[in-house]
Amino acid sequence: MKHSIYNSEKGRLAILKHYEQYLNSFDFEVERAFVDISIGKTHVLIAGPKEGKPLFVFQGGNCINPMTLSWFKPLIQKYRIYAPDTIGHPGYSEQKRISAKDNSFAQWIAELMDYFNIKKCAFLGPSYGAGIILRLATYMPNRIDCAVLVSPAGLKLGSKTEMIQHILIPLLMFKNSSSAKYLEKITDRMSANCMKEMDRQIIGDIFRYVKLEQEMPKLTVRKELENYVSPTLIIAGEQDIFFPEKKIKKRAEQVIPNLTIFQSFNMGHFPSEDYLEKINNVIIGFFNKYY
């Protein structure tokens with residue numbers, strides 16, 4: 001399979017089946033668009049009132065778009081949400097990988113915005129999705145009205161030793177044995193023991209069938225954001241193994257000149273339903289004031 005991020009056609013179909021099942025579980029209407037742009041064909045989920053202010057929502061890395069979109073369901077009542085499948089990640093967009101270290105993702109977002117006739121809007125992204133928004137803030141800050149970064153990549157990484165011990169070694173064991181206990185070990189550590197069974201199954205299949213993206217978005221430096229003046233909310237997890245709150249807070253205060261609110265919760269990288277409710281309340285308050 002040319003340019004494929006999947007190990008096999010069977011694997012690709014398994015992941016897309018999960019994608020469709022997730023979409024079918026939503027209690028709101030979702031439109032879909034395929035957008036042909038220079039970076040590569042991109043599949044976009046669109047939801048919320050047509051007259052609502054536009055809000056771009058980016059998925060987490062090595063994940064499926066409907067999974068992370070489901071975290072922010074309360075926003076769909078008010079905002080017109082555009083959620084693209086990240087190019088080079090699981091989903092329906094083109095499977096070629098693009099670099100999260102240069103201006104490629106900024107270019108990708110700008111072309112999507114132009115396609116939907118959006119000059120400037122709000123952005124929301126968890127994890128890898130937040131790292132992509134920081135690339136846009138670096139290269140095209142004038143396209144961002146305000147931004148929400150949840151458990152963000154692109155600022156500071158957690159302890160490599162802990163990641164090797166709690167994620168990488170169990171992942172290798174899982175790939176060799178397909179044993180549920182190793183998958184549980186990883187997903188419990190990622191979510192502080194609260195991952196939904198449906199999500200656990202999907203992550204297991206992503207580990208089985210997808211060549212994982214291992215390159216994290218570039219760690220942003222202050223000089224890159226000197227022209228970025230939009231209000232920014234960061235939400236971080238105290239138990240997040242990838243991007244722990246303590247490291248994120250210190251780094252964010254150093255590099256983001258207009259960090260408006262920094263909010264932390266005692267959660268892992270994957271929030272529980274209770275924490276999602278709190279996260280959405282904070283985001284809604286932030287958008288009401290700054291968007």
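Leaving aside its neighbours within four places in sequence, Ser-127 is in contact with Gly-60, Val-150, Ser-151, Pro-152, Ala-153, Phe-243 and His-269, where contact means heavy atoms within 4.5 Å. Ser-127 itself is placed in the loop between β5 (121-126) and α4 (128-139), these names being given to DSSP runs numbered from the N terminus, with helices as H or I runs of at least four residues and strands as E runs of at least two. Because its relative accessibility is 13%, Ser-127 counts as buried; the term buried means under 20% relative accessible area, against exposed for over 50% and partly exposed in between, with a 1.4 Å probe and protein chains only.

Some conventions should be kept in mind while reading. This is a predicted model, in which local features need pLDDT of at least 70 and side-chain atom pairs count only at pLDDT 80 or more, while totals for chains, interfaces and linings use all residues. Residues are numbered from 1 along each chain as its sequence is written, and side-chain values use heavy atoms, with hydrogens and water left out.

The strands form an open sheet of 8 members in the order β1-β2-β4-β3-β5-β6-β7-β8, with mixed pairing, two strands being paired if DSSP finds at least two bridges between them. Since β1 (31-35) and β8 stand at the edges with a single partner strand each, one side of each is left without a neighbour in the sheet. From one strand to the next, the twist averages 20°.

Strand β3 (residues 54-57) runs parallel to β5 and is joined to it by 3 bridges, with Val-57 standing opposite Leu-124 in β5. Next, β5 and β6 pair in the parallel sense over 6 bridges, and here the bridge partner of Ala-122 is Cys-146 in β6. Because 6 of the 7 residues of β6 are buried, this strand is largely enclosed by the rest of the structure. Strand β6 (residues 144-150) also pairs with β7 in the parallel sense, over 4 bridges, and Val-150, one of the contacts of Ser-127, stands opposite Ile-235 in β7.

Strand β7 (residues 232-237) is mostly covered, with 6 of its 6 residues buried. In a regular strand the side chains alternate between the two faces of the sheet. In β7, Thr-232, Ile-234 and Ala-236 point one way, whereas Leu-233, Ile-235 and Gly-237 point the other way, and all are buried. On to strand β8 (residues 259-265), the pairing with β7 is again described as parallel, over 6 bridges, and Phe-265 in β8 is the bridge partner of Gly-237.

Helices lie across these strands. Helix α8 (residues 245-255) lies across β7 and β8 and runs at about 175° to β8, while helix α9 (residues 273-290) lies across β3, β5, β6, β7 and β8, running at about 170° to β8; angles run from 0 to 180 degrees between N-to-C directions, and axes are lines fitted to C-alpha atoms, for helices over the stretch in contact.

A further pair of helices remains. The axes of α5 (residues 160-177) and α6 (residues 180-191) come within 8 Å and cross at roughly 150°, and α5 and α6 are therefore roughly antiparallel to each other, a term that applies to angles over 145 degrees.

Terms used
Angles under 35 degrees count as roughly parallel, over 145 as roughly antiparallel, 65 to 115 as roughly perpendicular and the rest as oblique.
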